[in-house]
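Visitor: I have a model open and would like to go through it with you. Can we take it piece by piece?
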Amino acid sequence: MSELRSWQQERRIAYEDIASGAGVDLSSVYRLFGDGEPRRRYGKAVKQICKFANIQLVSTQVASEVPTVVRDAVLRTWDGSAEHANRLATAITAVGDLIRQAVSSK
């Protein structure tokens, strides 16, 4: 969700414009951006807003379910921007593919 918040802040898009562009109720936008709570699941409004923002939802796993060592490594590496988040995600995916190949070739 931090990527979505970064997207909104970087572009200075009003909540009303997000609601209109995503086709969701304004109260859903206020709830999403205002409460700062992690999401255990992604409802229709969140999915529509992410589609409008061109942000892909990859997993519904919350950060508290990610092993501490992984979460800490990402937080030490990530600069907080949406662009860096996308690049970091691409790098992690590529490394994950390499690790899976190495394990399966043993």
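Visitor: Where does N86 lie?
Guide: N86 lies in helix α6. This is a predicted model, and the values here are computed from it.

Visitor: Is N86 buried, exposed or partly exposed?
Guide: N86 is partly exposed, because its relative accessible area is 41%, and partly exposed covers values between the 20% limit for buried and the 50% limit for exposed.

Visitor: How far apart are N86 and Q56?
Guide: Along the sequence they are 30 residues apart, and in space their C-alpha atoms are 9.7 Å apart.

Visitor: Now W78. Where is that one found?
Guide: W78 is found in the loop between α5 and α6.

Visitor: And what does W78 touch, leaving out residues up to four places away in sequence?
Guide: W78 touches S2, H84, A85 and L88. For L88, which is 10 residues from W78 along the chain, the C-alpha separation is 7.2 Å.

Visitor: Why is W78 partly exposed rather than buried?
Guide: Its relative accessible area is 21%, and buried means under 20%. W78 is therefore classed as partly exposed.

Visitor: Let's back up to the whole chain. How many helices and strands?
Guide: There are 6 helices and 0 strands. Read along the sequence, the pattern is α-α-α-α-α-α.

Visitor: What share of the residues is buried?
Guide: Buried residues make up 25% of the 106 residues in the protein chain. The accessible surface of the chain comes to about 7,600 Å², and carbon and sulfur atoms account for 53% of that surface.

Visitor: Which residues touch the most other members of the largest nonpolar core?
Guide: L4, W7, I18, V29 and I49 do, in a core of 15 residues. The elements that give two or more residues to this core are α1 (2–11), α2 (15–22), α3 (26–34) and α4 (44–53).

Visitor: Which of them gives the most?
Guide: α4 gives the most to this core, with 4 residues.

Visitor: Take I49, then. What is it in contact with, neighbours within four places aside?
Guide: I49 is in contact with L4, I18, A22, V24, V29 and L32. L4, I18 and V29 are also on the list of residues that touch the most other core members.

Visitor: Which residues of α1 are buried?
Guide: In α1 the buried residues are E3, L4, S6, W7 and Q8. They pack against α2, α3, α4 and α6 (82–104).

Visitor: Why would residues three or four places apart in a helix point the same way?
Guide: An α-helix has 3.6 residues a turn, so residues at that spacing point the same way.

Visitor: On to helix packing. At what angle do α2 and α3 pack?
Guide: The angle is about 120°, and the axes are 9 Å apart. That makes α2 oblique to α3, because roughly perpendicular runs from 65 to 115 degrees. The crossing of α2 and α3 is right-handed.

Visitor: Which residues make the contact there?
Guide: From α2 they are Y15, E16, I18 and A19, and from α3 they are L26, V29, Y30 and F33.

Visitor: And how do α2 and α4 pack?
Guide: Their angle is about 95°, with the axes 9 Å apart. α2 and α4 are therefore roughly perpendicular to each other. In α2, D17, I18, G21 and A22 meet Q48, I49 and F52 of α4.

Visitor: Last topic, backbone angles. What is the phi of R12?
Guide: R12 has a positive phi of about 55°, although it is not a glycine. R12 is found in the loop between α1 and α2, just after α1.

Visitor: Is R12 buried or exposed?
Guide: R12 is exposed, with a relative accessible area of 77%.

Visitor: What about N54, what is its phi?
Guide: N54 has a positive phi of about 60°, and N54 is not a glycine either. N54 lies in the loop between α4 and α5 (68–77). N54 is exposed, with a relative accessible area of 71%.

How values were computed: Residues are numbered from 1 along each chain as its sequence is written. This is a predicted model: local features need pLDDT of at least 70, side-chain atom pairs count only at pLDDT 80 or more; totals for chains, interfaces and linings use all residues. Side-chain values use heavy atoms; hydrogens and water are left out. A nonpolar core is a set of buried Ala, Val, Leu, Ile, Met, Phe, Trp, Tyr and Cys residues joined through side-chain atoms within 4.5 Å. Buried means under 20% relative accessible area, exposed over 50%, partly exposed in between (1.4 Å probe, protein chains only). Contact means heavy atoms within 4.5 Å. Accessible areas come from the Shrake-Rupley method with a 1.4 Å probe; for residues, only the protein chains shown count as cover. Axes are lines fitted to C-alpha atoms, for helices over the stretch in contact, and angles run from 0 to 180 degrees between N-to-C directions. Angles under 35 degrees count as roughly parallel, over 145 as roughly antiparallel, 65 to 115 as roughly perpendicular and the rest as oblique. A crossing is left-handed if the near helix is turned anticlockwise from the far one by less than a right angle, and right-handed if clockwise.
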